[in-house]
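Dear colleague,

Please find below the structure that I am handing over to you.

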Amino acid sequence: PFFDGINYSFWKTRMTIFLQSRDYQFISDMFTRFTTIINSHKNLGKSYPNHELVRKILRCLPKSWTPKVMAIEEAKDLSTLPLEQLLGSLMTHETTMKNHE
């Protein structure tokens with residue numbers, strides 16, 4: 001079924017579970033999927049302010065990213081953090097994690 005604006009809480013939960021269940025190789029892949037979902041919502045009349053998008057991305061990261069999420073939440077003002085800056089920070093962290101494997 002497609003999101004049609006009805007039963008928003010059901011679809012919000014499904015989107016979160018889907019994003020968390022994916023084993024992303026690259027943050028850019030996750031961001032691409034996230035953008036596709038958000039654009040679909042926009043087409044159906046549901047839009048989100050930037051700070052909500054930032055929080056949604058941080059919430060859907062895997063548990064192994066919890067320390068990075070906490071560091072971003074403590075160091076940055078999420079209400080003004082641009083989505084692109086968040087993406088850059090996450091990609092940098094991902095590269096660092098891969099180099100330490």
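The paragraphs below describe what was found in this structure.

Please bear in mind throughout that this is a predicted model.

Overall make-up

The chain has five helices and zero strands, so that its elements, read from the N terminus, follow the order α-α-α-α-α. It comprises 101 residues, of which 30% count as buried. The accessible surface of the chain is about 6700 Å², and carbon and sulfur atoms account for 55% of that area. As for how the chain folds back on itself, 60% of the contacts between residues at least 6 apart in sequence join residues at least 24 apart.

The nonpolar core

The largest nonpolar core contains 21 residues. Within this core, Ile-57, Leu-58, Leu-61, Leu-86 and Leu-90 have the most contacts. At least two core residues come from each of α2 (27–43), α3 (50–60), α4 (66–75) and α5 (83–99). Setting aside residues up to four places away in sequence, Leu-61 touches Ile-27, Met-30, Val-69 and Leu-90.

Helix packing

Two packed helices are described by the angle between their axes and the distance between the axes. Two pairs, both involving α2, are reported here.

For α2 and α3, the packing angle is about 130° and the axes are 12 Å apart. An angle over 145 degrees would count as roughly antiparallel; α2 and α3 are therefore oblique to each other. Their crossing is right-handed. On the α2 side, the residues at this meeting are Met-30, Phe-31, Phe-34 and Ile-38, and on the α3 side they are Leu-53, Lys-56, Ile-57 and Cys-60.

For α2 and α5, the angle is about 150° and the axes are 9 Å apart. This makes α2 roughly antiparallel to α5. Here Ile-27, Ser-28 and Phe-31 of α2 meet Leu-83, Leu-87, Leu-90, Met-91 and Glu-94 of α5.

His-93 lies in helix α5. With a relative accessible area of 21%, His-93 is partly exposed, because buried means under 20%. Apart from neighbours within four places in sequence, His-93 is in contact with Trp-65 and Lys-68. The C-alpha atoms of His-93 and Lys-68 are 7.8 Å apart, although the two residues are 25 places apart in sequence.

Pro-49 is located in the loop between α2 and α3. Its relative accessible area is 36%, and Pro-49 is accordingly partly exposed. Pro-49 and Ser-79 are separated by 30 residues in sequence and by 9.3 Å in space, C-alpha to C-alpha.

Lys-76 belongs to the loop between α4 and α5. It also counts as partly exposed, at 37% relative accessibility. Leaving out neighbours within four places in sequence, Lys-76 is in contact with Leu-81 and Gln-85. Lys-76 is also 10 residues from Leu-86 in sequence, with 9.7 Å between their C-alpha atoms; Leu-86 is one of the residues with the most contacts inside the largest nonpolar core.

Yours sincerely

Key: Residues are numbered from 1 along each chain as its sequence is written. This is a predicted model: local features need pLDDT of at least 70, side-chain atom pairs count only at pLDDT 80 or more; totals for chains, interfaces and linings use all residues. Side-chain values use heavy atoms; hydrogens and water are left out. A nonpolar core is a set of buried Ala, Val, Leu, Ile, Met, Phe, Trp, Tyr and Cys residues joined through side-chain atoms within 4.5 Å. Buried means under 20% relative accessible area, exposed over 50%, partly exposed in between (1.4 Å probe, protein chains only). Helices (H or I, at least four residues) and strands (E, at least two) are DSSP runs, numbered from the N terminus. Contact means heavy atoms within 4.5 Å. Accessible areas come from the Shrake-Rupley method with a 1.4 Å probe; for residues, only the protein chains shown count as cover. Axes are lines fitted to C-alpha atoms, for helices over the stretch in contact, and angles run from 0 to 180 degrees between N-to-C directions. Angles under 35 degrees count as roughly parallel, over 145 as roughly antiparallel, 65 to 115 as roughly perpendicular and the rest as oblique. A crossing is left-handed if the near helix is turned anticlockwise from the far one by less than a right angle, and right-handed if clockwise.
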